[in-house]
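My entries follow in the order I made them.

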Amino acid sequence: MKVILLEDVKKVGKKGDLVEATDSYARNVLLRQKLAVEANGKTMNDLKLRKANDEKVAEENLEKAKETKALLEKSSVTVRAKTGEGDRLFGSISGKEIADAAKEQLGIDLDRRKIVLDTPIKSIGTMEVTVKLHPQVKAALTVKVEKL
């Protein structure tokens, strides 16, 4: 029996997959627990529409990430922090501080977990930070650290 999975099922398939299952397993497990629906004309059409919509949304997200990348790479963010002797910072600049500065200065919402800091920023100066905007798009953001 052909069924369309509504959720990920171990050793069977992922959500949205069209799979062939034995009649008894499909009726007694997949359909009864609402993990799948029987594949007929209506559900096949719904699956096609859902996949087309998902592809369109994924393409829009990719385009938005590319636009954001272009904006980030031609601008910079300034972060101010307290310093001690030798212009060393007390602590270090975190991804959250960079994300907050980008929102305030550029109007761009960045997820702090998507900001990659190879080494901690512990001194005054200008650094390049990588921002993962999309699995296929990474941007280089210039961060200027100044005395408070």
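**Helix H3**

I listed the buried residues of H3 and got Gly 95, Ile 98, Ala 99, Ala 101 and Ala 102; buried means under 20% relative accessible area, exposed over 50% and partly exposed in between, with a 1.4 Å probe and protein chains only. Helices are DSSP runs of H or I with at least four residues, strands are runs of E with at least two, and both are numbered from the N terminus.

I looked down the axis of H3: the buried residues fall within an arc of 165°, so they line one face of the helix. The arc is taken over the directions from the helix axis to the C-beta atoms. An α-helix has 3.6 residues a turn, so residues three or four places apart point the same way.

This is a predicted model, in which local features need pLDDT of at least 70 and side-chain atom pairs count only at pLDDT 80 or more, while totals for chains, interfaces and linings use all residues. Residues are numbered from 1 along each chain as its sequence is written, and side-chain values use heavy atoms, with hydrogens and water left out.

I checked the span: H3 has twelve residues and reaches 16 Å from first C-alpha to last, close to the 16 Å expected at 1.5 Å a residue. The expected span is 1.5 Å times one less than the number of residues. Gly 107 follows H3 and has a positive phi, near 75°.

What covers the buried residues of H3? I found that the cover includes S4, S5 (88-93), S6, S7 (121-123), S8 and S9, where contact means heavy atoms within 4.5 Å.

**The sheet**

I traced an open sheet of four strands in the order S4-S9-S8-S6, with mixed pairing; two strands pair if DSSP finds at least two bridges between them. Strands S4 (76-81) and S6 (115-116) are the edges, each pairing on one side only. S6 and S8 (residues 125-134) run antiparallel and are joined by two bridges. Ile 115 stands opposite Val 131 in S8.

I then placed helix H2 (residues 41-73), which lies across S8 and S9 at about 35° to S9. Axes are lines fitted to C-alpha atoms, for helices over the stretch in contact, and angles run from 0 to 180 degrees between N-to-C directions.

I found Thr 68 in helix H2, buried at a relative accessible area of 19%. Leaving aside residues up to four places away in sequence, Thr 68 touches Ile 108 and Leu 133.

I found Thr 142 in strand S9 (residues 137-147), buried at 18%.
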